[in-house]
Amino acid sequence: MSTRSFFVGGNWKMNGNKETLSEMMENLNSADLQELTEVVCAAPSVYLDFVRSRLDRRIGVAAQNCYKVSKGAFTGEISPDMIKDCGADWVVLGHSERRHVFGESDELIGQKVAHALASGLRVIACVGEELEQREAGTTEEVVYAQTQVIAENVSDWEKVVLAYEPVWAIGTGRTATPEQAQEVHEKLRAWLRANVSDDVADSLRIIYGGSVTGENCRELASQGDVDGFLVGGASLKPEFVDIINARV
């Protein structure tokens, strides 16, 4: 078993209101959570302050996105400084929905990673291939290229978690098998060893995202290079507690 601490992120996406989020937070606050697992919840930006004020301090809070500069004429965007001012310490960057629904490029995501880290936020940086890319056999090429741009912009790897999210498994009910997840995580770690350093390869937490549920989380968590999860839909449900406690 690796010495890397287990990490579980809950990505609430564009879901919830004050009433439903309060219920979810009460459930998390009262739950018996594995103490050695780091938990971070990514809330909609308008609720960051609300969530941070009500969620137990043992659980971190993340924004789901941010922009690449600290302020200015960028209507609708938020900056790392604003996120920190709301009490959150993390931001999710490069999620497949930002890449494929909103057209964010590798270059922009890299710039966001650099600015978020320089501003003192911690970053959950996401990579992953689409179904056509997996079927064409280009999974490694795609995730290596995405990781390369992220790596070029990381100033402190201790403040980064890398999330592998096969796009074809997000919200589709299709999950990568534990073997498929382990294979890509193992290759990503080898890429980091070859292109960054042994220390980063050994210490960086690489987490899996893509239809993680209370049913499949334990088998996924048993894989040697799977250091946790980025959970979408299931993070809105009571089973999120089971996922947090997947590695006991």
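Biologist: Which residues does asparagine 65 touch, not counting residues up to four places away in sequence?

Modeller: This is a predicted model, and contacts are read from its atoms. Asparagine 65 touches Glu77, Ile78, Ile83, Val91, Val92, Leu93, Arg98, Glu104 and Lys112. One of these, lysine 112, makes a polar contact through its side chain with the side chain of asparagine 65, at 2.9 Å.

Biologist: Where is asparagine 65 found, and is asparagine 65 buried or exposed?

Modeller: Asparagine 65 sits in the loop between E3 and helix H3 (80-85). Buried means under 20% relative accessible area. Asparagine 65 has a relative accessible area of 13%, so it is buried.

Biologist: Now a helix. What span should the 13 residues of helix H1 have?

Modeller: At 1.5 Å a residue, helix H1 (residues 18-30) should span 18 Å. The C-alpha atoms at its ends are 18 Å apart, which agrees.

Biologist: Which residues of H1 are buried, and why are they on the same side?

Modeller: The general idea comes first. An α-helix has 3.6 residues a turn, so residues three or four places apart point the same way. In H1, the buried residues are Leu21, Met24, Met25 and Leu28. They cover an arc of only 95° around the axis, which puts them on the same side of H1. On the other side, Glu19, Glu26 and Ser30 are exposed.

Biologist: What covers the buried residues of H1?

Modeller: The cover includes strand E2 (38-42), helix H2 (48-54), strand E3 (59-63) and helix H11 (240-244).

Biologist: What is found at the start of H1?

Modeller: There, a side-chain oxygen of asparagine 17 comes to within 3.0 Å of the backbone nitrogen of glutamate 19. Leaving aside neighbours within four places in sequence, serine 22 is in contact with Asn17 and Phe50.

Biologist: How many residues does helix H8 have, and what is its reach?

Modeller: Helix H8 (residues 178-195) has 18 residues. From first C-alpha to last, H8 reaches 25 Å, close to the 26 Å expected at 1.5 Å a residue. Its buried residues are Pro178, Ala181, Gln182, Val184, His185, Leu188, Arg189, Trp191 and Leu192.

Biologist: Where does aspartate 156 lie, and how do I read its accessible area?

Modeller: Aspartate 156 lies in the loop between helix H7 (139-152) and strand E6 (160-164). Its relative accessible area is 28%, so aspartate 156 is partly exposed. A polar atom of its side chain lies 3.0 Å from the backbone nitrogen of glutamate 158.

Biologist: How many cavities of 30 Å³ or more does a search of the whole structure find?

Modeller: The search finds one. The largest cavity holds about 30 Å³ of space. Its lining is made by Gly94, His95, Ser96, Arg99, Cys126, Val127, Gly128, Glu165 and Val167. Helix H4 (96-100) and strand E5 (122-127) are the elements that give two or more residues to this lining.

Terms used
Residues are numbered from 1 along each chain as its sequence is written. This is a predicted model: local features need pLDDT of at least 70, side-chain atom pairs count only at pLDDT 80 or more; totals for chains, interfaces and linings use all residues. Side-chain values use heavy atoms; hydrogens and water are left out. Helices (H or I, at least four residues) and strands (E, at least two) are DSSP runs, numbered from the N terminus. The expected span of a helix is 1.5 Å times one less than its number of residues. Buried means under 20% relative accessible area, exposed over 50%, partly exposed in between (1.4 Å probe, protein chains only). The arc is that of the directions from the helix axis to the C-beta atoms. Contact means heavy atoms within 4.5 Å. A polar contact is a pair of N or O atoms within 3.5 Å; within protein, one must be able to donate a hydrogen and the other to accept it, and residues adjacent in sequence count only if both atoms are side-chain atoms. On a 1 Å grid over the protein atoms alone, a cavity is a set of points where a 1.4 Å probe fits but cannot get out, and a pocket is an open set with protein on both sides within 12 Å along at least five of seven lines; lining residues have an atom within 4 Å of a point. Grid points are joined across faces, edges and corners, and a volume is the space filled by probe spheres set on the points.
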